Amino acid sequence: MAFQTLPQGDPKGDRPWWLVAFVVLAVALGLVIFVSELYAQVFNTVVKGLGVTVFVTLVGFLLAAALGLLVALLGMSDSRILRQMARFYVEVVRGIPILVLLFYVAFVGAPAFVAAFNLLVSPLINAGLVEPMVVRDFSLMWRAIIALMIGYSAFIAEIFRAGIQSIDKGQIEAAKALGLSRSQRFRLVVFPQAIRVIFPPLSNDFVAMVKDSSLVSVLGVADITQMGKVYASGSFRFFETYSIVAYVYLVLTIGLSIVLRDFEKRMRNRTKH
(Lines give C-alpha, C1' and ligand atoms only; values in the text may rest on other atoms or scores of the structure.)
Protein backbone atom coordinates (compact mmCIF):
# COMPACT_ATOMS: atom_id res chain seq x y z
CA MET A 1 0.00 0.00 0.00
CA ALA A 2 1.53 3.30 -1.10
CA PHE A 3 0.89 6.42 0.94
CA GLN A 4 0.40 9.77 -0.74
CA THR A 5 1.68 12.77 1.17
CA LEU A 6 -0.35 15.94 0.91
CA PRO A 7 1.56 18.91 -0.51
CA GLN A 8 3.29 20.69 2.33
CA GLY A 9 4.24 24.34 2.54
CA ASP A 10 7.98 25.03 2.70
CA PRO A 11 8.97 26.01 6.27
CA LYS A 12 11.34 28.65 4.79
CA GLY A 13 8.43 30.31 3.01
CA ASP A 14 9.47 29.38 -0.53
CA ARG A 15 6.81 29.66 -3.20
CA PRO A 16 5.45 26.32 -4.48
CA TRP A 17 7.39 26.38 -7.77
CA TRP A 18 6.91 22.63 -8.10
CA LEU A 19 3.17 23.28 -8.40
CA VAL A 20 3.75 25.98 -11.02
CA ALA A 21 5.90 23.53 -13.00
CA PHE A 22 3.20 20.85 -12.71
CA VAL A 23 0.46 23.25 -13.84
CA VAL A 24 2.56 24.30 -16.85
CA LEU A 25 3.14 20.65 -17.82
CA ALA A 26 -0.53 19.79 -17.26
CA VAL A 27 -1.69 22.71 -19.42
CA ALA A 28 0.87 21.83 -22.12
CA LEU A 29 -0.32 18.22 -22.27
CA GLY A 30 -3.91 19.44 -22.22
CA LEU A 31 -3.18 21.54 -25.31
CA VAL A 32 -1.58 18.51 -26.98
CA ILE A 33 -4.73 16.50 -26.26
CA PHE A 34 -6.86 19.31 -27.70
CA VAL A 35 -4.76 19.68 -30.87
CA SER A 36 -3.74 16.08 -31.59
CA GLU A 37 -6.44 13.75 -32.88
CA LEU A 38 -4.53 10.70 -31.63
CA TYR A 39 -4.09 12.00 -28.07
CA ALA A 40 -7.69 13.19 -28.03
CA GLN A 41 -8.85 9.71 -29.01
CA VAL A 42 -6.73 8.10 -26.29
CA PHE A 43 -7.94 10.62 -23.71
CA ASN A 44 -11.60 10.10 -24.61
CA THR A 45 -11.16 6.35 -24.25
CA VAL A 46 -9.30 6.52 -20.94
CA VAL A 47 -11.71 8.95 -19.23
CA LYS A 48 -14.57 6.53 -19.84
CA GLY A 49 -13.17 4.68 -16.81
CA LEU A 50 -13.13 7.81 -14.63
CA GLY A 51 -16.61 7.16 -13.22
CA VAL A 52 -15.65 3.63 -12.19
CA THR A 53 -12.43 4.86 -10.55
CA VAL A 54 -14.31 7.52 -8.58
CA PHE A 55 -17.05 5.07 -7.56
CA VAL A 56 -14.62 2.37 -6.44
CA THR A 57 -12.54 4.89 -4.49
CA LEU A 58 -15.44 6.65 -2.75
CA VAL A 59 -17.40 3.52 -1.83
CA GLY A 60 -14.28 1.56 -0.90
CA PHE A 61 -12.95 4.37 1.31
CA LEU A 62 -16.26 5.02 3.08
CA LEU A 63 -16.64 1.31 3.86
CA ALA A 64 -12.98 1.08 4.93
CA ALA A 65 -13.40 4.11 7.24
CA ALA A 66 -16.51 2.61 8.84
CA LEU A 67 -14.84 -0.77 9.33
CA GLY A 68 -11.61 0.87 10.49
CA LEU A 69 -13.47 2.89 13.13
CA LEU A 70 -15.20 -0.27 14.37
CA VAL A 71 -11.89 -2.14 14.59
CA ALA A 72 -10.28 0.81 16.40
CA LEU A 73 -13.09 0.92 18.97
CA LEU A 74 -12.84 -2.85 19.47
CA GLY A 75 -9.09 -2.42 19.95
CA MET A 76 -9.74 0.00 22.82
CA SER A 77 -12.48 -2.13 24.36
CA ASP A 78 -12.45 -3.19 28.01
CA SER A 79 -12.61 -6.79 26.81
CA ARG A 80 -9.22 -8.44 26.34
CA ILE A 81 -10.68 -10.86 23.79
CA LEU A 82 -12.03 -8.04 21.62
CA ARG A 83 -8.74 -6.16 21.86
CA GLN A 84 -6.78 -9.22 20.78
CA MET A 85 -9.20 -9.91 17.92
CA ALA A 86 -8.82 -6.34 16.68
CA ARG A 87 -5.02 -6.51 16.95
CA PHE A 88 -4.99 -9.85 15.09
CA TYR A 89 -7.10 -8.36 12.28
CA VAL A 90 -4.91 -5.27 11.94
CA GLU A 91 -1.59 -7.14 11.94
CA VAL A 92 -2.72 -9.86 9.52
CA VAL A 93 -4.40 -7.55 7.02
CA ARG A 94 -1.53 -5.05 7.06
CA GLY A 95 0.84 -7.90 6.21
CA ILE A 96 -0.97 -8.79 2.97
CA PRO A 97 -0.26 -6.75 -0.18
CA ILE A 98 -3.36 -5.10 -1.66
CA LEU A 99 -2.86 -6.94 -4.97
CA VAL A 100 -2.76 -10.33 -3.24
CA LEU A 101 -5.83 -9.34 -1.22
CA LEU A 102 -7.66 -8.48 -4.44
CA PHE A 103 -6.93 -11.91 -5.90
CA TYR A 104 -7.84 -13.65 -2.63
CA VAL A 105 -11.17 -11.89 -2.22
CA ALA A 106 -12.04 -12.25 -5.91
CA PHE A 107 -11.15 -15.90 -6.42
CA VAL A 108 -11.27 -17.41 -2.92
CA GLY A 109 -13.52 -15.22 -0.81
CA ALA A 110 -16.29 -14.70 -3.37
CA PRO A 111 -16.76 -18.42 -4.19
CA ALA A 112 -16.68 -19.22 -0.45
CA PHE A 113 -19.32 -16.58 0.23
CA VAL A 114 -21.55 -17.92 -2.55
CA ALA A 115 -21.20 -21.49 -1.24
CA ALA A 116 -22.01 -20.36 2.32
CA PHE A 117 -25.03 -18.37 1.12
CA ASN A 118 -26.40 -21.33 -0.85
CA LEU A 119 -25.88 -23.59 2.16
CA LEU A 120 -27.77 -21.24 4.48
CA VAL A 121 -30.73 -20.84 2.17
CA SER A 122 -30.71 -24.44 0.90
CA PRO A 123 -34.20 -25.18 2.37
CA LEU A 124 -35.59 -22.24 0.37
CA ILE A 125 -33.68 -23.34 -2.73
CA ASN A 126 -35.01 -26.90 -2.43
CA ALA A 127 -38.52 -25.52 -2.04
CA GLY A 128 -38.08 -23.52 -5.24
CA LEU A 129 -38.57 -20.20 -3.44
CA VAL A 130 -35.04 -18.87 -4.04
CA GLU A 131 -32.68 -19.31 -6.96
CA PRO A 132 -29.22 -20.59 -6.02
CA MET A 133 -26.54 -17.95 -6.21
CA VAL A 134 -23.68 -18.44 -8.66
CA VAL A 135 -20.22 -16.90 -8.47
CA ARG A 136 -20.76 -14.73 -11.54
CA ASP A 137 -23.62 -13.00 -9.71
CA PHE A 138 -20.96 -11.48 -7.43
CA SER A 139 -19.65 -8.68 -9.66
CA LEU A 140 -15.90 -8.17 -10.03
CA MET A 141 -16.30 -4.50 -9.15
CA TRP A 142 -17.77 -5.32 -5.75
CA ARG A 143 -15.12 -7.96 -5.13
CA ALA A 144 -12.52 -5.24 -5.78
CA ILE A 145 -14.31 -2.76 -3.50
CA ILE A 146 -14.47 -5.31 -0.69
CA ALA A 147 -10.76 -6.09 -1.07
CA LEU A 148 -9.86 -2.39 -0.91
CA MET A 149 -12.17 -1.96 2.07
CA ILE A 150 -10.49 -4.78 3.98
CA GLY A 151 -6.97 -3.73 3.04
CA TYR A 152 -7.37 -0.07 3.97
CA SER A 153 -9.51 -0.62 7.06
CA ALA A 154 -6.51 -2.03 8.96
CA PHE A 155 -4.45 1.11 8.32
CA ILE A 156 -7.38 3.43 9.00
CA ALA A 157 -8.07 1.60 12.28
CA GLU A 158 -4.60 2.60 13.49
CA ILE A 159 -5.22 6.21 12.44
CA PHE A 160 -8.47 6.31 14.41
CA ARG A 161 -6.86 4.62 17.42
CA ALA A 162 -3.96 7.10 17.54
CA GLY A 163 -6.30 10.06 17.12
CA ILE A 164 -8.72 8.94 19.81
CA GLN A 165 -5.94 8.13 22.27
CA SER A 166 -4.41 11.58 21.74
CA ILE A 167 -7.33 13.21 23.59
CA ASP A 168 -6.54 14.30 27.14
CA LYS A 169 -8.04 11.80 29.58
CA GLY A 170 -8.96 14.68 31.88
CA GLN A 171 -11.60 15.80 29.39
CA ILE A 172 -13.07 12.32 29.29
CA GLU A 173 -13.20 12.23 33.09
CA ALA A 174 -14.91 15.63 33.09
CA ALA A 175 -17.49 14.33 30.61
CA LYS A 176 -18.08 11.33 32.89
CA ALA A 177 -18.60 13.69 35.81
CA LEU A 178 -21.26 15.51 33.78
CA GLY A 179 -23.14 12.23 33.44
CA LEU A 180 -22.55 11.67 29.73
CA SER A 181 -22.84 8.08 28.54
CA ARG A 182 -19.96 6.36 26.76
CA SER A 183 -21.48 6.95 23.31
CA GLN A 184 -22.21 10.59 24.18
CA ARG A 185 -18.65 11.11 25.39
CA PHE A 186 -17.32 9.72 22.14
CA ARG A 187 -19.75 11.66 19.94
CA LEU A 188 -19.66 15.01 21.73
CA VAL A 189 -16.20 15.20 23.34
CA VAL A 190 -13.69 12.73 21.94
CA PHE A 191 -14.40 12.51 18.19
CA PRO A 192 -14.77 16.27 17.47
CA GLN A 193 -11.30 16.82 18.91
CA ALA A 194 -9.75 13.65 17.51
CA ILE A 195 -10.78 14.50 13.95
CA ARG A 196 -8.15 17.26 13.87
CA VAL A 197 -5.47 14.63 14.46
CA ILE A 198 -7.14 12.01 12.28
CA PHE A 199 -7.90 14.12 9.21
CA PRO A 200 -4.37 14.60 7.72
CA PRO A 201 -3.36 10.88 7.65
CA LEU A 202 -6.93 9.93 6.66
CA SER A 203 -6.65 12.35 3.72
CA ASN A 204 -3.36 10.74 2.74
CA ASP A 205 -5.02 7.33 2.71
CA PHE A 206 -7.87 8.64 0.56
CA VAL A 207 -5.44 9.97 -2.05
CA ALA A 208 -3.52 6.69 -1.84
CA MET A 209 -6.72 4.76 -2.54
CA VAL A 210 -7.27 6.78 -5.71
CA LYS A 211 -3.94 5.39 -6.92
CA ASP A 212 -4.44 1.88 -5.56
CA SER A 213 -7.85 1.72 -7.24
CA SER A 214 -5.87 1.19 -10.45
CA LEU A 215 -5.13 -2.33 -9.16
CA VAL A 216 -8.75 -3.32 -9.81
CA SER A 217 -7.83 -3.41 -13.50
CA VAL A 218 -6.22 -6.81 -12.89
CA LEU A 219 -9.77 -8.14 -12.38
CA GLY A 220 -10.96 -6.58 -15.62
CA VAL A 221 -12.89 -3.78 -13.89
CA ALA A 222 -13.27 -0.98 -16.45
CA ASP A 223 -11.48 1.80 -14.57
CA ILE A 224 -9.02 4.33 -16.02
CA THR A 225 -6.13 1.86 -16.07
CA GLN A 226 -8.16 -0.95 -17.62
CA MET A 227 -9.46 1.33 -20.38
CA GLY A 228 -5.88 2.34 -21.09
CA LYS A 229 -4.73 -1.30 -21.17
CA VAL A 230 -7.48 -2.25 -23.60
CA TYR A 231 -6.71 0.68 -25.92
CA ALA A 232 -2.95 0.11 -25.83
CA SER A 233 -3.23 -3.63 -26.51
CA GLY A 234 -5.41 -2.96 -29.56
CA SER A 235 -3.54 0.01 -31.02
CA PHE A 236 0.03 -0.66 -29.77
CA ARG A 237 0.20 3.04 -28.84
CA PHE A 238 1.76 2.34 -25.46
CA PHE A 239 3.64 5.63 -25.04
CA GLU A 240 0.64 7.82 -25.84
CA THR A 241 -1.81 5.69 -23.84
CA TYR A 242 0.14 5.38 -20.62
CA SER A 243 1.23 9.02 -20.80
CA ILE A 244 -2.47 9.96 -20.78
CA VAL A 245 -3.23 7.46 -17.99
CA ALA A 246 -0.42 8.93 -15.86
CA TYR A 247 -1.64 12.44 -16.69
CA VAL A 248 -5.20 11.71 -15.56
CA TYR A 249 -4.03 10.14 -12.28
CA LEU A 250 -1.65 13.03 -11.58
CA VAL A 251 -4.37 15.62 -12.12
CA LEU A 252 -6.69 13.62 -9.85
CA THR A 253 -4.24 12.99 -7.01
CA ILE A 254 -2.41 16.33 -6.94
CA GLY A 255 -5.66 18.29 -7.36
CA LEU A 256 -7.29 16.27 -4.59
CA SER A 257 -4.24 16.67 -2.34
CA ILE A 258 -4.33 20.46 -2.72
CA VAL A 259 -8.05 20.62 -1.94
CA LEU A 260 -7.66 18.42 1.14
CA ARG A 261 -4.63 20.37 2.31
CA ASP A 262 -6.60 23.61 2.05
CA PHE A 263 -9.50 22.05 3.98
CA GLU A 264 -7.09 20.87 6.68
CA LYS A 265 -5.64 24.38 6.98
CA ARG A 266 -9.10 25.89 7.36
CA MET A 267 -9.96 23.32 9.99
CA ARG A 268 -6.86 24.28 11.98
CA ASN A 269 -7.64 27.98 11.68
CA ARG A 270 -11.20 27.43 12.93
CA THR A 271 -9.98 25.61 16.03
CA LYS A 272 -7.56 28.45 16.84
CA HIS A 273 -10.45 30.89 16.93
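How far apart do the end C-alpha atoms of residues 50-260 lie, and what share of the span is helix and what share strand?

Guide: This is a predicted model. The end C-alpha atoms of residues 50-260 lie 20 Å apart.

Now to the packing. Two packed helices are described by the angle between their axes and the distance between those axes.

Take helix H5 (residues 98-120) and helix H7 (residues 140-165). They pack at an angle of about 130°, with axes 9 Å apart. H5 and H7 are therefore oblique to each other. The crossing of H5 past H7 is right-handed. On the H5 side, the contact residues are Ile-98, Leu-101, Leu-102, Val-105, Ala-106 and Ala-110. H7 brings Arg-143, Ala-144, Ile-146, Ala-147, Leu-148, Ile-150, Gly-151 and Tyr-152. By class, the contact of H5 with H7 has 12 nonpolar residues, one polar and one charged.

H7 also packs with helix H4 (residues 80-94). Here the angle is about 125° and the axes are 8 Å apart. H4 and H7 are therefore oblique to each other. H4 passes H7 in a left-handed crossing. H4 contributes Arg-87, Tyr-89, Val-90, Val-93 and Arg-94 to the contact. From H7 come Ile-150, Gly-151, Ser-153, Ala-154, Phe-155, Ala-157, Glu-158 and Arg-161. The residues of the contact of H4 with H7 divide into seven nonpolar, two polar and four charged.

Ile-150 and Gly-151 of H7 take part in the contact with H5 and in the contact with H4.

Key. Residues numbered from 1 in each chain as written. Predicted model: local features only at pLDDT ≥ 70, side-chain atom pairs only at ≥ 80, totals over all residues. Heavy atoms only, no water. Helix = DSSP H or I, 4+ residues; strand = E, 2+ residues; numbered from the N terminus. Axes fitted to C-alpha atoms, helices over the stretch in contact; angles between N-to-C directions. Parallel < 35°, antiparallel > 145°, perpendicular 65-115°, else oblique. Left-handed = near helix turned anticlockwise from the far one by under 90°. Contact = heavy atoms within 4.5 Å. Nonpolar A, V, L, I, M, F, W, Y, C, P; charged D, E, K, R; others polar.
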